[in-house]
Structures are given as C-alpha cells and as structure tokens.
Amino acid sequence: MVSARSLFQEILDNDESFRLFCSIAAAGESQGGWENGRIAALVPQSERALAPKIARHGADEDKHGRIFTALLKKRGLTPVAVPPETDYTMLLEQHGIGLAHDRLRRDEPLTAEDIVVYLAHSRVTEQRAADQMLVLLRHFADHPDIGRAVRVISHDEDNHLAYTHEELLRFAAAGHGPLIQRTLRACALAEIRVHRDVSLAVMARMGRILGWSGAKYALLAAGVHAVYAYERLGGWRRMVGLRTPRRRDALGGPATPAHEFA
C-alpha cells in the first residue's frame with residue numbers, strides 16, 4: 001500500500017529526488033514572489049491600501065523559495081533546472097490563469113478588475129497550497145530536517161488563503177460579485193487540469209530517479225487521475241466558495257524572516 005507519508009519519505013530519503021522536489025518548489029515560490037511584487041507596484045490608486053498586503057504576500061513567497069533552497073544547502077545539494085512540464089506557475093499562465101507576465105512587465109497601473117482576477121487566481125492556488133501543506137504538516141511537522149519549514153510555510157499559506165477570502169468578499173460587496181464568481185470558476189477548472197498534468201509529470205520524473213516499477217507508477221498515476229475525476233465532478237467547488245475568515249487582516253503586518261533556515 002502506497003501512502004502519502006511513505007511516498008514523500010521515499011522522496012525525502014533520496015538526494016536526487018529531494019533535490020528535484022525542492023528545486024520545483026523553490027522556483028514556483030520565487031515566481032509567485034515576483035508576480036506579487038509587480039502587482040503591488042502596479043495597484044491602481046483606488047486600491048493603494050491593498051498594496052502592502054500584496055507586497056507581504058510576495059515577501060512570504062520569496063521567503064518560501066529561500067527556505068526550500070536552504071533545505072537543499074543543508075544537505076549539500078544545489079538546485080536543478082525545473083523541467084517545463086513540472087512548472088506549475090508557468091503552465092497556469094499558459095492556460096490564461098491570473099495576470100499575464102507581459103502585462104506585469106509593463107509599467108501601467110492595473111485596474112480594479114485586474115486586482116479581482118489576481119485575487120481569484122490566488123484564492124484557487126492558495127487553496128491547493130494550503131491543502132498540500134496540511135498533508136505535509138500532518139505527517140512531517142516533527143521531522144528533524146523539514147518540520148520547522150513545513151510549519152512555517154503552512155501557517156503562511158493559511159494566512160494567504162484567509163486574505164484572499166477577506167479581500168474578495170470586500171470586492172463582492174462593492175459590486176464585483178459576478179466577475180468574481182466567473183473568474184473563480186474558470187480558474188478552478190483550469191487549475192485542476194494543470195495540477196493533474198504537473199502531478200503526473202513529477203511522478204514520472206521521481207519514478208525514474210527512484211527506480212519505481214511500472215506497476216507502482218501505474219498505481220500512483222491512477223490515484224492522480226482519480227483525484228482529478230473527483231475534482232472535475234464537483235471537488236473544484238471547495239476552491240471557489242467565499243466565507244469570512246477567522247484570521248482577519250492576515251497579511252496586515254511585516255513578513256517574518258527565513259534566516260533560521262540558512
């Protein structure tokens with residue numbers, strides 16, 4: 001029987017699979033940091049009060065990237081290039097999810113509608129991140145090497161999710177409800193496809209590194225397809241609901257440093 005714990009433990013115990021895992025994670029977090037930094041710089045005047053929170057979100061993502069890089073350094077490893085088929089953030093952009101990078105590279109203020117699109121994209125992807133970190137937290141919170149990293153990142157992802165709920169509800173109250181719901185649905189349906197494809201690509205890479213049998217890979221691939229089927233049939237709805245979060249103003253303060261992982 002292949003469990004989430006045994007699978008990740010196998011990846012953790014092998015230097016090359018751990019190297020790939022951390023490299024993919026670090027690159028994705030760093031990309032998220034850049035995106036949020038650019039969005040914070042381009043926030044329209046009408047939403048300037050939101051800019052510090054978006055910047056904090058970006059700073060957290062940058063911190064997560066440094067944490068994964070530090071975990072590699074601790075094992076005497078260096079990052080590897082991220083295979084394109086495993087690049088979650090790039091593939092989301094290619095599917096038209098979120099704000100296009102060429103738009104963010106231009107020094108033109110965003111619109112309120114652009115901010116809604118950004119927040120809806122974040123609501124969906126932060127749900128995925130929070131869910132994944134919850135799995136790692138459940139199994140590895142006390143791990144001597146990655147336990148503290150897991151706890152810190154999971155806490156941050158919960159903050160990010162709370163922030164997107166709160167801000168989207170504020171925009172909904174201001175009359176953007178139909179746009180929010182359309183955008184959330186489109187983002188969620190695209191994200192579950194990208195997540196499936198990336199999961200299969202990562203599994204294929206890990207299988208080659210770890211020498212998995214064809215039967216083991218087929219079993220894991222079947223699990224990925226089963227998750228996608230569940231999400232396509234209705235599981236995606238957990239990514240689009242909005243509720244007042246227990247953590248209010250979750251990104252209202254400065255980001256915490258990552259120096260303890262260096």
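Q: Which residues does Ser-122 touch, not counting residues up to four places away in sequence?
A: Ser-122 touches His-57, Gln-127 and Thr-164, where contact means heavy atoms within 4.5 Å. Before going on: this is a predicted model, where local features need pLDDT of at least 70 and side-chain atom pairs count only at pLDDT 80 or more, while totals for chains, interfaces and linings use all residues. Residues are numbered from 1 along each chain as its sequence is written, and side-chain values use heavy atoms, with hydrogens and water left out.

Q: Where is Ser-122 placed?
A: In helix α6. Helices (H or I, at least four residues) and strands (E, at least two) are DSSP runs, numbered from the N terminus.

Q: Is Ser-122 buried or exposed?
A: Ser-122 counts as buried, because its relative accessibility is 4%. The cut-offs are under 20% relative accessible area for buried, over 50% for exposed, and partly exposed in between, with a 1.4 Å probe and protein chains only.

Q: What about Arg-123, buried or exposed?
A: Arg-123 counts as buried, at 0% relative accessibility. Arg-123 is also found in helix α6.

Q: What does Arg-123 touch?
A: Leaving out residues up to four places away in sequence, Arg-123 touches Leu-161, Thr-164, His-165, Leu-168, Leu-184, Arg-238, Met-239, Val-240, Gly-241 and Leu-242.

Q: And how far apart are Arg-123 and His-160?
A: They are 8.2 Å apart in space, C-alpha to C-alpha, and 37 residues apart in sequence.

Q: Switching to α3 and α6. At what angle do their axes cross?
A: At roughly 35°, and the axes come within 13 Å. Axes are lines fitted to C-alpha atoms, for helices over the stretch in contact, and angles run from 0 to 180 degrees between N-to-C directions.

Q: Left-handed or right-handed?
A: The crossing of α3 and α6 is left-handed. A crossing is left-handed if the near helix is turned anticlockwise from the far one by less than a right angle, and right-handed if clockwise.

Q: Which residues make the contact?
A: Ile-54, His-57 and Glu-61 come from α3, and Tyr-118, Ser-122 and Glu-126 from α6. By class, the contact of α3 with α6 has 2 nonpolar, 2 polar and 2 charged residues. Here Ala, Val, Leu, Ile, Met, Phe, Trp, Tyr, Cys and Pro count as nonpolar, Asp, Glu, Lys and Arg as charged, and the others, Gly among them, as polar.

Q: OK, the largest nonpolar core. Which of its members touch the most other members?
A: Ile-39, Ile-54, Ile-115, Tyr-118 and Phe-171, out of 48 residues. Such a core is a set of buried Ala, Val, Leu, Ile, Met, Phe, Trp, Tyr and Cys residues joined through side-chain atoms within 4.5 Å.

Q: Which helix gives the most to this core?
A: α7, with 16 residues.

Q: What does Ile-39 touch?
A: Ile-39 touches Ile-54, Leu-99, Leu-104, Leu-110, Ile-115 and Tyr-118, again not counting residues up to four places away in sequence.

Q: How many residues are in the second, separate core?
A: The second core has 19 residues, including Phe-68, Leu-72, Ala-149 and Val-150.

Q: Back to helix pairs. How do α2 and α7 pack?
A: At an angle of about 155°, with their axes 13 Å apart. So α2 is roughly antiparallel to α7. Angles under 35 degrees count as roughly parallel, over 145 as roughly antiparallel, 65 to 115 as roughly perpendicular and the rest as oblique.

Q: What classes of residue are in that contact of α2 with α7?
A: There are 7 nonpolar, 1 polar and 4 charged residues. α2 passes α7 in a right-handed crossing.

Q: And α1 with α2, at what angle do those axes cross?
A: At roughly 105°, and the axes come within 5 Å. That makes α1 roughly perpendicular to α2. The contact is made by Phe-8, Glu-10, Ile-11, Leu-12 and Asp-13 of α1 and Asp-15, Ser-17, Phe-18 and Phe-21 of α2.

Q: One last thing: what is the phi of Asp-249?
A: Asp-249 has a positive phi of about 50°, although it is not a glycine. Most residues other than glycine have a negative phi. Asp-249 is in the segment after α8 and is partly exposed, with a relative accessible area of 41%.
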